[in-house]
Amino acid sequence: MDLIQKVKNKERLNQKEGKALYDLDLYTLGELADSIRKEKYGKKSYFNINRHINPTNVCADICKFCAYSASRKNPNQYTMSHEQILDIVKHSYANGAKEVHIVSAHNPNDGPEWYMGAFRKIKTLYPDLHIKAMTAAEVDFLTRQYGLSYDEVLDMMIESGVDSMPGGGAEIFDEKVREYLCKGKVTSDQWLQIHQKWHERGRQSNATMLFGHVETKAHRIDHMLRLRDLQDKTGGFNAFIPLVYQRDNNFLKVTHFPTGQEILKTYAIARILLDNIPHIKAYWASASINLALIAQEFGCDDLDGTIEKESIQSAAGAASSHGMKLEDFIGLIKNSGFIPVERDSLYNELKSYA
Ligand code: SF4
(Lines give C-alpha, C1' and ligand atoms only; values in the text may rest on other atoms or scores of the structure.)
Protein backbone atom coordinates (compact mmCIF):
# COMPACT_ATOMS: atom_id res chain seq x y z
CA MET A 1 0.00 0.00 0.00
CA ASP A 2 1.06 3.58 -0.64
CA LEU A 3 3.03 4.94 2.33
CA ILE A 4 1.01 8.16 2.54
CA GLN A 5 -2.25 6.25 2.56
CA LYS A 6 -0.91 3.97 5.27
CA VAL A 7 -0.17 6.98 7.48
CA LYS A 8 -3.61 8.42 6.78
CA ASN A 9 -5.15 5.06 7.73
CA LYS A 10 -3.15 5.21 11.00
CA GLU A 11 -1.45 1.94 10.25
CA ARG A 12 1.80 1.24 12.04
CA LEU A 13 4.98 1.67 10.05
CA ASN A 14 8.03 -0.58 10.25
CA GLN A 15 11.72 0.32 10.08
CA LYS A 16 11.86 0.41 6.27
CA GLU A 17 8.69 2.48 5.99
CA GLY A 18 9.82 4.83 8.73
CA LYS A 19 13.05 5.51 6.86
CA ALA A 20 11.12 6.01 3.60
CA LEU A 21 9.23 8.88 5.27
CA TYR A 22 12.43 10.94 4.95
CA ASP A 23 12.06 10.67 1.15
CA LEU A 24 8.70 12.46 1.19
CA ASP A 25 8.84 16.16 0.50
CA LEU A 26 8.82 18.40 3.55
CA TYR A 27 5.32 19.76 3.04
CA THR A 28 3.68 16.36 2.49
CA LEU A 29 5.37 14.99 5.58
CA GLY A 30 4.51 18.12 7.57
CA GLU A 31 0.86 17.89 6.60
CA LEU A 32 0.67 14.25 7.65
CA ALA A 33 2.21 15.00 11.04
CA ASP A 34 0.16 18.16 11.48
CA SER A 35 -3.11 16.34 10.87
CA ILE A 36 -2.26 13.84 13.63
CA ARG A 37 -1.28 16.68 15.97
CA LYS A 38 -4.45 18.65 15.18
CA GLU A 39 -6.65 15.64 15.82
CA LYS A 40 -5.09 15.20 19.26
CA TYR A 41 -4.56 18.78 20.39
CA GLY A 42 -5.98 21.25 17.87
CA LYS A 43 -3.89 24.43 18.04
CA LYS A 44 -2.80 23.95 21.65
CA SER A 45 0.92 24.17 22.36
CA TYR A 46 2.01 23.04 25.78
CA PHE A 47 4.71 24.49 28.00
CA ASN A 48 5.52 24.56 31.67
CA ILE A 49 7.14 26.98 34.08
CA ASN A 50 10.22 25.12 35.07
CA ARG A 51 13.76 25.55 36.27
CA HIS A 52 16.66 23.45 35.06
CA ILE A 53 19.34 22.78 37.67
CA ASN A 54 22.61 21.07 36.81
CA PRO A 55 24.30 20.62 40.19
CA THR A 56 27.71 19.35 39.06
CA ASN A 57 29.76 19.10 35.89
CA VAL A 58 32.40 16.75 37.30
CA CYS A 59 32.06 13.51 35.38
CA ALA A 60 33.58 10.04 35.47
CA ASP A 61 32.34 9.30 31.96
CA ILE A 62 33.62 10.70 28.69
CA CYS A 63 31.02 11.24 25.99
CA LYS A 64 32.50 12.62 22.79
CA PHE A 65 29.54 14.94 22.13
CA CYS A 66 29.54 16.51 25.61
CA ALA A 67 30.62 20.10 26.18
CA TYR A 68 29.12 20.31 29.64
CA SER A 69 31.38 18.08 31.74
CA ALA A 70 34.62 19.46 33.09
CA SER A 71 37.41 18.50 30.70
CA ARG A 72 40.35 19.85 28.72
CA LYS A 73 37.88 22.03 26.82
CA ASN A 74 35.96 23.09 29.89
CA PRO A 75 38.36 23.35 32.85
CA ASN A 76 35.89 25.06 35.18
CA GLN A 77 34.71 22.35 37.53
CA TYR A 78 31.86 22.99 39.90
CA THR A 79 29.70 21.10 42.36
CA MET A 80 26.86 22.84 44.14
CA SER A 81 26.24 22.37 47.83
CA HIS A 82 22.73 21.48 48.97
CA GLU A 83 22.43 25.05 50.24
CA GLN A 84 23.21 26.43 46.78
CA ILE A 85 20.67 24.10 45.19
CA LEU A 86 18.05 25.12 47.75
CA ASP A 87 18.76 28.81 47.13
CA ILE A 88 18.04 28.31 43.42
CA VAL A 89 14.88 26.37 44.17
CA LYS A 90 13.69 29.02 46.61
CA HIS A 91 14.16 31.77 44.02
CA SER A 92 12.49 29.77 41.22
CA TYR A 93 9.57 28.69 43.38
CA ALA A 94 8.95 32.31 44.37
CA ASN A 95 8.91 33.16 40.66
CA GLY A 96 6.24 30.57 39.90
CA ALA A 97 8.23 27.48 38.91
CA LYS A 98 6.16 24.32 39.23
CA GLU A 99 8.92 21.91 38.29
CA VAL A 100 12.63 21.57 38.94
CA HIS A 101 14.45 19.53 36.34
CA ILE A 102 17.63 18.27 37.96
CA VAL A 103 20.29 16.54 35.89
CA SER A 104 23.96 16.15 36.79
CA ALA A 105 27.18 14.82 35.39
CA HIS A 106 28.43 11.55 36.90
CA ASN A 107 30.45 12.90 39.77
CA PRO A 108 32.46 10.10 41.45
CA ASN A 109 32.79 12.22 44.59
CA ASP A 110 29.05 12.41 45.23
CA GLY A 111 27.29 9.30 46.48
CA PRO A 112 23.61 8.47 46.48
CA GLU A 113 23.09 10.45 49.68
CA TRP A 114 24.19 13.69 48.00
CA TYR A 115 21.53 13.23 45.31
CA MET A 116 18.80 11.86 47.55
CA GLY A 117 19.52 14.33 50.35
CA ALA A 118 19.01 17.23 47.94
CA PHE A 119 15.71 15.80 46.66
CA ARG A 120 14.50 15.15 50.22
CA LYS A 121 15.27 18.70 51.31
CA ILE A 122 13.50 20.19 48.28
CA LYS A 123 10.42 18.02 48.79
CA THR A 124 10.23 18.82 52.50
CA LEU A 125 10.33 22.57 51.87
CA TYR A 126 8.21 22.60 48.68
CA PRO A 127 5.91 19.57 48.71
CA ASP A 128 3.90 20.77 45.70
CA LEU A 129 6.97 21.36 43.51
CA HIS A 130 7.40 18.58 40.97
CA ILE A 131 10.88 17.04 41.01
CA LYS A 132 11.95 15.65 37.66
CA ALA A 133 15.37 14.21 38.25
CA MET A 134 17.95 11.53 37.51
CA THR A 135 18.40 10.34 33.96
CA ALA A 136 18.71 6.60 33.41
CA ALA A 137 22.42 7.28 32.82
CA GLU A 138 22.73 8.74 36.32
CA VAL A 139 20.80 5.82 37.81
CA ASP A 140 23.15 3.41 36.06
CA PHE A 141 26.19 5.39 37.21
CA LEU A 142 25.14 5.14 40.86
CA THR A 143 24.66 1.39 40.54
CA ARG A 144 28.11 0.96 38.97
CA GLN A 145 29.84 3.23 41.43
CA TYR A 146 28.21 2.03 44.65
CA GLY A 147 27.26 -1.61 43.98
CA LEU A 148 23.54 -0.92 44.08
CA SER A 149 20.80 -2.45 41.92
CA TYR A 150 18.52 -0.45 39.64
CA ASP A 151 15.62 -1.35 41.93
CA GLU A 152 17.45 0.03 44.96
CA VAL A 153 18.27 3.35 43.29
CA LEU A 154 14.77 3.79 41.84
CA ASP A 155 13.18 3.05 45.21
CA MET A 156 15.51 5.55 46.88
CA MET A 157 14.46 8.18 44.34
CA ILE A 158 10.80 7.62 45.11
CA GLU A 159 11.39 7.68 48.87
CA SER A 160 13.34 10.94 48.45
CA GLY A 161 10.59 12.73 46.56
CA VAL A 162 11.46 12.34 42.87
CA ASP A 163 8.20 12.53 40.93
CA SER A 164 9.24 11.73 37.38
CA MET A 165 12.34 10.95 35.36
CA PRO A 166 13.74 13.03 32.51
CA GLY A 167 14.56 11.38 29.20
CA GLY A 168 18.28 12.12 28.99
CA GLY A 169 21.10 9.68 28.38
CA ALA A 170 19.30 7.84 25.57
CA GLU A 171 21.52 9.44 22.88
CA ILE A 172 21.22 6.93 20.00
CA PHE A 173 20.36 3.33 20.80
CA ASP A 174 22.28 1.70 17.96
CA GLU A 175 25.05 -0.16 19.79
CA LYS A 176 27.90 0.64 17.38
CA VAL A 177 27.16 4.36 17.26
CA ARG A 178 26.67 4.39 21.00
CA GLU A 179 30.01 2.71 21.59
CA TYR A 180 31.67 5.40 19.48
CA LEU A 181 29.81 8.26 21.18
CA CYS A 182 29.80 7.27 24.82
CA LYS A 183 31.51 3.98 25.54
CA GLY A 184 31.09 2.89 29.14
CA LYS A 185 27.89 4.82 29.78
CA VAL A 186 24.54 3.12 30.29
CA THR A 187 23.81 0.75 27.37
CA SER A 188 20.67 1.01 25.27
CA ASP A 189 19.15 -2.10 26.83
CA GLN A 190 19.96 -0.82 30.31
CA TRP A 191 18.45 2.59 29.53
CA LEU A 192 15.22 0.92 28.42
CA GLN A 193 15.26 -1.47 31.37
CA ILE A 194 15.59 1.39 33.89
CA HIS A 195 12.64 3.25 32.35
CA GLN A 196 10.61 0.03 32.28
CA LYS A 197 11.28 -0.50 35.98
CA TRP A 198 10.34 3.13 36.70
CA HIS A 199 7.08 2.76 34.76
CA GLU A 200 6.34 -0.50 36.58
CA ARG A 201 6.41 1.56 39.78
CA GLY A 202 3.51 3.60 38.38
CA ARG A 203 5.78 6.52 37.51
CA GLN A 204 6.18 8.44 34.29
CA SER A 205 9.17 9.60 32.29
CA ASN A 206 10.26 11.14 29.01
CA ALA A 207 12.56 9.85 26.29
CA THR A 208 15.13 11.73 24.24
CA MET A 209 17.15 11.07 21.09
CA LEU A 210 20.32 13.00 20.31
CA PHE A 211 20.53 13.35 16.54
CA GLY A 212 22.39 15.22 13.84
CA HIS A 213 25.93 13.91 14.50
CA VAL A 214 27.34 10.62 13.15
CA GLU A 215 24.14 8.58 13.15
CA THR A 216 22.17 7.69 10.02
CA LYS A 217 18.47 8.17 9.38
CA ALA A 218 18.03 4.40 9.86
CA HIS A 219 19.53 4.71 13.35
CA ARG A 220 16.98 7.39 14.24
CA ILE A 221 14.11 5.19 13.10
CA ASP A 222 15.52 2.23 15.03
CA HIS A 223 15.74 4.43 18.14
CA MET A 224 12.12 5.52 17.85
CA LEU A 225 10.88 1.98 17.25
CA ARG A 226 12.68 0.64 20.33
CA LEU A 227 10.87 3.32 22.35
CA ARG A 228 7.55 2.45 20.70
CA ASP A 229 8.05 -1.21 21.65
CA LEU A 230 8.67 -0.37 25.31
CA GLN A 231 5.76 2.07 25.36
CA ASP A 232 3.47 -0.74 24.13
CA LYS A 233 4.44 -2.67 27.27
CA THR A 234 4.38 0.09 29.88
CA GLY A 235 2.63 3.23 28.60
CA GLY A 236 4.88 5.27 30.89
CA PHE A 237 6.45 7.73 28.46
CA ASN A 238 4.80 11.15 28.36
CA ALA A 239 6.91 12.81 25.71
CA PHE A 240 9.51 12.09 23.08
CA ILE A 241 12.16 14.79 22.73
CA PRO A 242 14.44 14.76 19.69
CA LEU A 243 17.50 16.77 20.74
CA VAL A 244 19.47 18.47 18.00
CA TYR A 245 23.21 17.89 18.40
CA GLN A 246 25.12 21.03 19.43
CA ARG A 247 28.51 21.30 17.79
CA ASP A 248 30.72 23.54 19.96
CA ASN A 249 33.38 22.68 22.54
CA ASN A 250 33.34 18.91 22.31
CA PHE A 251 35.46 16.04 20.96
CA LEU A 252 33.13 14.68 18.29
CA LYS A 253 34.21 15.13 14.70
CA VAL A 254 31.10 15.85 12.67
CA THR A 255 31.31 17.05 9.09
CA HIS A 256 27.66 17.14 8.04
CA PHE A 257 25.00 18.79 10.13
CA PRO A 258 21.28 18.34 9.51
CA THR A 259 19.53 21.15 7.70
CA GLY A 260 16.47 22.82 9.20
CA GLN A 261 14.41 20.73 6.77
CA GLU A 262 15.89 17.50 8.07
CA ILE A 263 15.28 18.52 11.67
CA LEU A 264 11.64 19.32 10.88
CA LYS A 265 11.29 16.02 9.04
CA THR A 266 12.65 14.19 12.09
CA TYR A 267 10.02 15.82 14.32
CA ALA A 268 7.28 14.96 11.84
CA ILE A 269 8.44 11.35 11.55
CA ALA A 270 8.49 11.04 15.34
CA ARG A 271 4.86 12.19 15.45
CA ILE A 272 3.89 9.63 12.80
CA LEU A 273 5.89 6.65 14.10
CA LEU A 274 5.30 7.12 17.82
CA ASP A 275 1.58 6.59 17.78
CA ASN A 276 1.61 5.56 21.44
CA ILE A 277 3.66 8.41 22.97
CA PRO A 278 1.28 11.32 23.55
CA HIS A 279 3.57 14.33 23.23
CA ILE A 280 6.35 15.26 20.81
CA LYS A 281 8.48 18.03 22.21
CA ALA A 282 10.46 20.59 20.24
CA TYR A 283 12.91 21.43 23.02
CA TRP A 284 13.67 25.00 22.06
CA ALA A 285 16.96 25.01 23.96
CA SER A 286 18.37 22.54 21.45
CA ALA A 287 16.42 23.35 18.28
CA SER A 288 16.48 27.17 18.68
CA ILE A 289 13.26 28.99 19.47
CA ASN A 290 12.67 29.87 15.81
CA LEU A 291 12.78 26.29 14.61
CA ALA A 292 10.79 25.09 17.63
CA LEU A 293 8.01 27.50 16.73
CA ILE A 294 7.91 26.16 13.17
CA ALA A 295 8.02 22.60 14.54
CA GLN A 296 4.54 23.23 15.94
CA GLU A 297 3.37 22.80 12.32
CA PHE A 298 5.36 19.57 11.96
CA GLY A 299 3.78 17.46 14.67
CA CYS A 300 5.20 18.99 17.85
CA ASP A 301 2.71 19.99 20.55
CA ASP A 302 5.13 20.94 23.32
CA LEU A 303 7.97 23.48 23.52
CA ASP A 304 9.22 22.54 27.03
CA GLY A 305 9.28 25.57 29.29
CA THR A 306 10.77 28.81 30.43
CA ILE A 307 13.83 26.89 31.80
CA GLU A 308 15.25 30.01 33.51
CA LYS A 309 18.82 28.78 33.22
CA GLU A 310 20.37 25.92 31.31
CA SER A 311 23.95 24.67 31.30
CA ILE A 312 24.14 21.50 29.19
CA GLN A 313 22.94 22.55 25.71
CA SER A 314 24.31 26.06 26.10
CA ALA A 315 27.82 24.75 26.87
CA ALA A 316 27.79 23.26 23.36
CA GLY A 317 26.60 26.40 21.64
CA ALA A 318 22.81 26.59 22.16
CA ALA A 319 21.35 30.01 22.99
CA SER A 320 19.55 28.77 26.09
CA SER A 321 21.77 29.75 28.99
CA HIS A 322 19.28 32.28 30.38
CA GLY A 323 15.95 30.67 29.63
CA MET A 324 13.01 32.75 28.48
CA LYS A 325 10.63 35.18 30.15
CA LEU A 326 7.10 33.82 30.52
CA GLU A 327 5.46 36.71 28.70
CA ASP A 328 7.92 36.43 25.81
CA PHE A 329 7.35 32.69 25.55
CA ILE A 330 3.57 33.11 25.51
CA GLY A 331 3.80 35.95 22.98
CA LEU A 332 5.95 33.92 20.60
CA ILE A 333 3.59 30.94 20.66
CA LYS A 334 0.56 33.18 20.13
CA ASN A 335 2.19 35.08 17.28
CA SER A 336 2.96 31.80 15.56
CA GLY A 337 -0.76 31.01 15.47
CA PHE A 338 -0.98 28.52 18.33
CA ILE A 339 -2.64 28.60 21.74
CA PRO A 340 -0.17 28.56 24.62
CA VAL A 341 -1.36 26.19 27.33
CA GLU A 342 0.54 25.96 30.57
CA ARG A 343 0.71 22.38 31.77
CA ASP A 344 2.08 20.61 34.80
CA SER A 345 4.88 18.09 34.50
CA LEU A 346 2.45 15.24 33.76
CA TYR A 347 0.56 17.23 31.11
CA ASN A 348 -2.49 18.20 33.12
CA GLU A 349 -3.64 21.54 31.72
CA LEU A 350 -3.27 24.44 34.17
CA LYS A 351 -4.02 27.58 32.19
CA SER A 352 -4.87 28.49 28.63
CA TYR A 353 -3.60 31.78 27.21
CA ALA A 354 -6.06 31.78 24.27
S1 SF4 B 1 26.96 13.54 28.61
FE2 SF4 B 1 26.73 13.27 30.82
S3 SF4 B 1 27.78 11.34 31.24
FE4 SF4 B 1 28.51 12.03 29.24
S5 SF4 B 1 30.39 13.22 29.70
FE6 SF4 B 1 28.65 14.67 29.61
S7 SF4 B 1 28.00 14.88 31.73
FE8 SF4 B 1 29.25 13.02 31.61
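This is a predicted model: local features need pLDDT of at least 70, side-chain atom pairs count only at pLDDT 80 or more; totals for chains, interfaces and linings use all residues.

Biologist: What makes α6, residues 136-146, a mostly covered helix?

Modeller: A residue is called buried if 20 or more other C-beta atoms lie within 10 Å of its own, and eight of the eleven residues of α6 are buried, so the helix is described as mostly covered. The buried residues are A136, A137, E138, V139, D140, F141, L142 and T143, and what covers them includes α5, α7 and α9 (188-200). For the protein chain as a whole, 50% of the 354 residues count as buried.

Biologist: Why is P340 called buried?

Modeller: P340 has 21 other C-beta atoms within 10 Å, and the cut-off is 20 or more, so P340 counts as buried. This proline lies in strand β9, residues 339-343, and, leaving aside its neighbours within four places in sequence, P340 is in contact with S45, F47, I330, I333, K334 and Y353.

Biologist: Why is α5 described as roughly parallel to α7?

Modeller: Two packed helices are described by the angle between their axes and the distance between the axes. The axes of α5 (residues 112-125) and α7 (residues 150-160) come within 8 Å and cross at roughly 25°. Angles under 35 degrees count as roughly parallel, so α5 is roughly parallel to α7. In this contact P112, M116, F119 and R120 of α5 meet V153, M156 and S160 of α7, and by class the contact has five nonpolar, one polar and one charged residues.

Biologist: Which residues surround the ligand, and how do they divide by class?

Modeller: The ligand is surrounded by C59, D61, I62, C63, C66, Y68, S69, A105, H106, A137, C182 and K185, a shell that divides into eight nonpolar, two polar and two charged residues. One of these residues, A137, is also among the buried residues of α6.

Biologist: How do you know that the radius of gyration agrees with that of a compact globule?

Modeller: With 354 residues, a compact globule would have a radius of gyration near 20 Å, and the protein chain has 19 Å, so the two agree. The C-alpha trace spans about 55 × 45 × 40 Å along its principal axes, and among contacts between residues at least 6 apart in sequence, 77% join residues at least 24 apart.

Terms used: Residues are numbered from 1 along each chain as its sequence is written. The radius of gyration is taken over C-alpha atoms; the globule rule is 2.2 Å times the number of residues to the power 0.38. A residue is buried if 20 or more other C-beta atoms lie within 10 Å of its own, exposed if 12 or fewer, and partly exposed in between; C-beta atoms are placed from the backbone. Two residues are in contact if their C-beta atoms, placed from the backbone, lie within 7 Å. Axes are lines fitted to C-alpha atoms, for helices over the stretch in contact, and angles run from 0 to 180 degrees between N-to-C directions. Helices (H or I, at least four residues) and strands (E, at least two) are DSSP runs, numbered from the N terminus. Angles under 35 degrees count as roughly parallel, over 145 as roughly antiparallel, 65 to 115 as roughly perpendicular and the rest as oblique. Ala, Val, Leu, Ile, Met, Phe, Trp, Tyr, Cys and Pro count as nonpolar, Asp, Glu, Lys and Arg as charged, and the others, Gly among them, as polar. A residue is near a molecule or strand if its C-beta atom, placed from the backbone, lies within 6 Å of it.
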